[in-house]
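This report is meant for a reader who is meeting the structure for the first time. Please keep the sequence and the model at hand while reading.

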Amino acid sequence: MAEMMWAGRFSKKVDDTVNAFNSSISFDARMYKHDIQGSIAHATMLGDCGVISKDDSETIIKGLKEILADIEEGKLEFDPTAEDIHMFIEAELTKRLGSVGKRLHTSRSRNDQVALDLRLYLRDEIKEIKELVHKFAVTLTELAAKHTETIMPGYTHLQRAQPVTFAHHLLAYVSMFIRDLGRLDDVNKRMNECPLGSCALAGTTYNIDRQETSDLLGFDRPMINSLDGVSDRDYAIELGCAISLIMTHLSRLSEEIIMWCSWEFKFIELDDAFSTGSSIMPQKKNPDISELVRGKTARVNGNLMTLLTMMKGLPLAYNKDMQEDKEAIFDSVDNVKLCLKTCIPMVETMKPYVHNMRNAAARGFINATDCADYLVKKGMPFRDAYKITGTIVAYCIDNDLTLETLPIEKYKEMSQLFNEDVYKAISLDTCVKGRKSFGGPSPDAVKVQLDIVKKQLGM
């Protein structure tokens, strides 16, 4: 078993069960690159400031690079008995370099080291998540561009409400994912401050240069308060929140995909490569991917609550509770990437059934508002027009008619303002094309939306 770096204070070896309980290397080993990256910057600064000699600084940096290469080439395996990745790398460095390796931790605590590594790791993960969200938004935008004339029912309360287009519906999700990209940028901006040099909580008496390490690691600035430097996890919580919103948007779309590919809707069909079957019912084609996205959203939301609840009662500065941040945020990061990587090709390969969408739009009196607007445009107050149209709809339901098949004579019984041109006014094509207001579903309005989102996405 690896010797604890803090063993000098204690007369007994830590109980094996306590060591296992305390250890985090099983999940924080993924930060090995970032730990070495931070240590190289720290060693560089120590040498430049004369805290350690230049020769020792260069020897340490060379040793760290060799450890990195050995890990990535599979020559060095992580020690499962090590307390964490930070202690593992330091112990390995000391084993290779002897007393020179022991100089690395000068003017540094594991508290600011952990805080640094997590920021570096999540900064890289944000970049990858952004690329995936962007790709998914582009995928939806490209699909929308093909369906600016595809009429489908729009819903409120899951009841057919008014006619829209498939493009218009998809672009609503594109707007959500563009906001997600902005949130990720905001998280990155706020987290891009360097905690290194905060040490345990109160800085150091050594003449270090925190600006140098901040610059070497690509941060905007050093954190201005050492207590905050080691105890802040706002960035992990904020990223967890941003990921929860991404997953919520994926989950909402997944719910619609699940409905759309059912026989009750049949608006789309998923490619066989992104569906599963039943062990007993040979006819089944199940949208398991979309269902798993819904399920994983609950898991990611739970991670966010873990982070919030973990931090809510902690006094300054570092507390061991904060070790629990990593599994929660790592799991959220892993799952949002997994879901995006799976949803992108699923949407790219799904087949829209344009005819079924239009047929659904032709039922359910979704042109009733346009019938009322017809009367308003002829001078009737909207509330009167609303009541008359409601009466017409009720009559149609009782007599198995639609607004399109209701005789003109019956219309005129309801109001003398009705003429034969009402049929054109309530046709689906007229209803959709007439909704030209900014942000609306008409082909012209949707093309404006497409131009805007393509510019925002750099397409």
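## Asp70 in helix H4

Asp70 has its place in helix H4, which covers residues 54-72. The model is a predicted one, and in it Asp70 counts as buried because its relative accessibility is 17%, where the cut-off for buried is under 20%. When neighbours within four places in sequence are left aside, the residues in contact with Asp70 are Lys75, Leu76 and Arg96.

## Ala368 and helix H14

Helix H14, made of residues 368-376, is where Ala368 is found. With a relative accessible area of 18%, Ala368 is buried, and, apart from neighbours within four places in sequence, Ala368 is in contact with Thr389, Val393 and Leu403. Ala368 and Gln162 are 206 residues apart in sequence, yet their C-alpha atoms are 8.1 Å apart in space.

Which residues of H14 are buried? They are Ala368, Asp370, Cys371, Ala372, Tyr374 and Leu375, and what covers them includes helix H15 (382-398), helix H16 (408-414), helix H17 (422-425) and helix H18 (428-433).

## How helix H6 meets helix H10

The axes of helix H6 (residues 110-145) and helix H10 (residues 234-260) come within 11 Å of each other and cross at roughly 20°. Because this angle falls under 35 degrees, H6 is roughly parallel to H10, and the crossing in which H6 passes H10 is left-handed.

On the side of H6, the contact is made by Ala115, Leu118, Arg119, Leu122, Ile126, Ile129, Val133, Phe136 and Leu140, while H10 brings Tyr235, Ala236, Leu239, Ile243, Ile246, Leu250 and Leu253. Sorted by class, the contact of H6 with H10 has 15 nonpolar residues, one charged residue and no polar ones.

In soluble globular proteins, nonpolar side chains tend to be buried together. Here the largest nonpolar core has 72 residues, and those with the most contacts inside it are Leu122, Phe136 and Leu250. The elements that give two or more residues to this core are H6, helix H7 (166-191), H10, helix H11 (288-311), helix H12 (324-349), helix H13 (354-361) and helix H19 (443-457).

Leu250 shows some of these links in detail: not counting residues up to four places away in sequence, Leu250 touches Phe136, Phe177, Val293, Cys339, Leu340 and Cys343.

Notes. Residues numbered from 1 in each chain as written. Predicted model: local features only at pLDDT ≥ 70, side-chain atom pairs only at ≥ 80, totals over all residues. Heavy atoms only, no water. Helix = DSSP H or I, 4+ residues; strand = E, 2+ residues; numbered from the N terminus. Buried < 20%, exposed > 50% of the residue type's maximum accessible area, 1.4 Å probe, protein only. Contact = heavy atoms within 4.5 Å. Axes fitted to C-alpha atoms, helices over the stretch in contact; angles between N-to-C directions. Parallel < 35°, antiparallel > 145°, perpendicular 65-115°, else oblique. Left-handed = near helix turned anticlockwise from the far one by under 90°. Nonpolar A, V, L, I, M, F, W, Y, C, P; charged D, E, K, R; others polar. Core = buried A, V, L, I, M, F, W, Y, C linked by side-chain atoms within 4.5 Å.
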